[in-house]
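Keep the sequence and the 3D view open while reading.

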There are 2 protein chains.
Amino acid sequence: MANESTEEALAVTDADTQHRRRRFLRNGVTAVTGVLAGGAGVSAAVAQSGSTAKEAAADNTLTVPPWTKQPGAVVGSRPYGTPSQFENNVIRHLRKTDKQYSSSSTRSPLQELDGIITPNGLFYERHHNGIPDINPVEHRLVVHGLVDNALSFTLNDIRRFPSHTQIYFLECSGNPGYTVYGKTAAEANGLVSCAEWTGVPLKTILNEAGLNPEAKWVIAEGADGAGMTRSIPLEKCLDDAMLVYSQNGERLRPEQGYPLRLLLPGYEGNMSIKWLRRLQVADQPVHSREETSKYTDILPDGKAREFTFVMEVKSIITSPSGGQQIGGKGFHEIRGIAWSGKGRITKVEISVDEGKTWQPARLQMPVLSKALTRFLFAWEWNGEPVVIQSRAIDETGYIQPTLESLIEVRGVNGTYHNNAITPWRIASDGKVTHARA
Amino acid sequence: MANESTEEALAVTDADTQHRRRRFLRNGVTAVTGVLAGGAGVSAAVAQSGSTAKEAAADNTLTVPPWTKQPGAVVGSRPYGTPSQFENNVIRHLRKTDKQYSSSSTRSPLQELDGIITPNGLFYERHHNGIPDINPVEHRLVVHGLVDNALSFTLNDIRRFPSHTQIYFLECSGNPGYTVYGKTAAEANGLVSCAEWTGVPLKTILNEAGLNPEAKWVIAEGADGAGMTRSIPLEKCLDDAMLVYSQNGERLRPEQGYPLRLLLPGYEGNMSIKWLRRLQVADQPVHSREETSKYTDILPDGKAREFTFVMEVKSIITSPSGGQQIGGKGFHEIRGIAWSGKGRITKVEISVDEGKTWQPARLQMPVLSKALTRFLFAWEWNGEPVVIQSRAIDETGYIQPTLESLIEVRGVNGTYHNNAITPWRIASDGKVTHARA
């Protein structure tokens, strides 16, 4: 059944111009009677398809709603727009159980989002000593150490260099840890987001200073109260690393490092140092707090893996997902996101039978390297309890693992780099929960 | 000189890993002395490169700024983020001279934006009777007319269909009219924006209702106080037309048609009916007010062109642009956006000599069909007065015209579809103005 549905969906969304008559919801929408006379035709089918009674009661088919009978808010009333009042529950998720909120995080509400762009207001956050409020006119970036000429850049200086724009995801390496937290997609995996970034290739700035032959690492330091510091291999700095000042068209938000951020595509998020004030070129790493006591991976034998930079392939189904209630049996599109710090996603597979069999999902084009990829899977639910899950494969051939196979190798001492499959259970009443909870 | 700079910029931004030593700003950034001792090295070169005296005075090279000495705002203090307080001048531009603001527009601040994504808060607006505040639970879309089954859809119904996501620009056909208005890029051409849209192919919904053989047009009606209505050829409806509910990942904003909008890629913006409540399938167009007395093009002989749907190829330099003040002579990157309602941009050319010669700009990849394309051009300014301008070419071979050649064909009676080149004049003091003002 699912295979047949997949083909049907693909056929209908192909860009042909035939008048195809394949239908999806069939009995799921309201048949209209007396439309042209202005009468409302309310069908019991609406309730059957999962719409709430309230919605059915509010049916106003081709009657004139109140907002059509009067002028709306005047043009220009919101010089910088905000979401509808009816969407004010769509916010970043803050874990309520932290002991303090100077070093903490908020999660993107993945289950509410479509496409691959995360709007700036909902981009996930991870701060180590709060969010500084920096005046860009007073901010400087200093490049020094093993260079021909130590340099100090204003923001205007940085913005004058040849620019580059690219869509990349960012993910916290603690997304989501190894113990199940929370019930929703946001809670389970919301420390990942994706945006279009604009800035300067880091290579350009290092060339401007002139690298000495013994240069091997770059130590990046933030201007926040944590003085967040990480060591970056020079090879990455001369590859796709950027200094970014804009995100999704506008200047970075304070939570994302305004006015200047290091961006290391595919690497764990904490290394993309926010509020960047210093790049020291060195011949060895500095072994800062955040790459020794934190952001290392404790193995079963007690030893730690250090410098585990790359975020490996992952995916999660965002709809249907934990906390949601799906309509009755029949057609549903399973939707989610996949990403890999190693490059492009080549395949996402879906299982609707507890992982026994897997079928390919449709990938929304264009599929971009080190960016989120949206996947879609046409599914007919028979109304019986089921576990649904996704697994992604990237261009290196790496297949997203189960939590069991990951723990078999890494043990349970670690906190970071859990890229395991997230399974969701759907009960016969349509209620969706985390299958591991 | 300019050619040499172009090659230099391309070479440096290529993804190689050689330690190139080509430098851009040369004397334009501050050489640091005594960095490791914590002393500040302020060079007169900063002032020479165009940084303000205030910035030079505020230099704090590797001294510890106040925001590093204390914790920042607590994590989660902005559940839905907003821009920095230092960016509160980056807003949509409202023309101050309108007689009323029920039917008016606001413009995207193009000169402040990077990349191709317009953030939702800054997306241009054009409303015909204000912005309605619609409760999505009460909203319905009715499809009727020449169909097998008239249907009424709730938002939940619409969201259940197989989804599609794509980045498209939208542009008002009155962008910018034929008389020069304003001084900045926003004022001159800011009725264009670009976003990632998610929704359902319109074809899917029409198939669900079942089209009769005599169906030729679809009449789309909005739920705003204007009852905005346009006739759409069926061919477009079965091609790339969409019903969209999300923009840049989150739900549409009220100003963009929340909760449901028709999206007609490449067509004039007013046809992408916002707050969509009705699609009537018909055998002929309805000749509504907005396609007879408005949104038609009056030719020199007094006759009107009706149904001029497609937005033809255009580009504009956004930096340097009117109202800006560029730094002294030396390296500058000319940046701008190009787009075509007919498909992909294949080339953008820059002239820095009053239009006598043209040189190719670099196009930021990926170049997407019917989306904004960012172009970049490395330029050495010799400090003398100059006029800079861009012209775009699309995959059909159409070349963006000058205003003179456009008026030669269309005359000056019309209001819409001015896709002419915008020239900027740079004075010897670096001040940029509209060359036609």
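Predicted model: local features only at pLDDT ≥ 70, side-chain atom pairs only at ≥ 80, totals over all residues.

Chain B superposes on chain A by a rotation of 180° with 0.0 Å of shift along the axis. Over all chains, 18 aromatic pairs are counted.

**Symmetry and interface**

- Two copies of a chain are related by a rotation about an axis and a shift along it.
- Here the rotation is 180°, the shift is 0.0 Å and the RMSD is 0.0 Å. That is the relation of a two-fold axis.
- In chain B, the C-alpha nearest the axis belongs to B:P119, at 3.7 Å from it.
- Of the interface residues of chain B, 100% are also interface residues in chain A, so the copies meet through the same surface.

**Aromatic pairs**

- A pair of aromatic rings is described by the distance of the centres and the angle of the planes.
- The count over all chains comes to 18 aromatic pairs. One of them joins B:F153 and B:F161, with 6.1 Å between centres and 65° between planes. This pair is edge-to-face, because an angle over 60 degrees counts as such.
- B:F153 is buried, at a relative accessible area of 1%. B:F161 is buried too, at 0% relative accessibility.
- B:Y295 and B:Y416 form a tilted pair, with 5.0 Å from centre to centre and 35° between the planes.
- B:Y295 lies in the loop between β14 (276-282) and β15 (297-298) of chain B, and B:Y416 in the loop between α8 (403-410) and β24 (424-426) of chain B. The pair therefore ties together parts that are 121 residues apart in sequence.
- Both B:Y295 and B:Y416 are buried.
- In chain A, ring pairs link A:W217, A:Y267, A:F307 and A:F309 into a cluster.

**Charges over rings**

- B:K236 lies over the face of B:Y267, at 4.3 Å from the ring centre.
- B:R391 places its charged end over the ring of B:W358, 4.2 Å from the centre of that ring.

**Helix α8 of chain B**

- Which residues of α8(B) are buried? They are B:L403, B:L406 and B:R410.
- Seen down the axis of α8(B), its buried residues fall within an arc of 65°, so they line one face of the helix.
- An α-helix has 3.6 residues a turn, so residues three or four places apart point the same way.
- The buried residues of α8(B) pack against β15 and β16 (304-305) of chain B.
- The face turned away from the buried side of α8(B) carries the exposed residues B:E408 and B:V409.
- Just after α8(B), B:G411 takes a positive phi of about 75°.

**Sheet β2-β3-β4 of chain A**

- Three strands of chain A form an open sheet in the order β2-β3-β4, with antiparallel pairing.
- β2 (93-94) and β4 (125-127) of chain A stand at the edges. Each has a single partner strand, so one side of each is left without a neighbour in the sheet.
- Two bridges join β2(A) to the antiparallel strand β3 (residues 104-107) of chain A.
- A:H93 stands opposite A:R107 in β3(A).

**A buried histidine in chain A**

- A:H144 is found in strand β5 (residues 141-145) of chain A.
- Is A:H144 buried or exposed? A:H144 counts as buried, because its relative accessibility is 1% and the cut-off for buried is under 20%.
- The C-alpha atoms of A:H144 and A:R278 are separated by 8.0 Å. Along the chain, A:H144 and A:R278 are 134 residues apart.

Notes
Residues numbered from 1 in each chain as written. Chains lettered and ligands numbered in written order. Heavy atoms only, no water. Phe/Tyr/Trp six-rings, centres within 6.5 Å; stacked < 30°, edge-to-face > 60°. Buried < 20%, exposed > 50% of the residue type's maximum accessible area, 1.4 Å probe, protein only. Helix = DSSP H or I, 4+ residues; strand = E, 2+ residues; numbered from the N terminus. Lys NZ or Arg CZ within 6 Å of the ring centre and 35° of its normal. Least-squares fit on C-alpha atoms with pLDDT ≥ 70 in both. Contact = heavy atoms within 4.5 Å. Arc of directions from axis to C-beta. Pairing = 2+ DSSP bridges.
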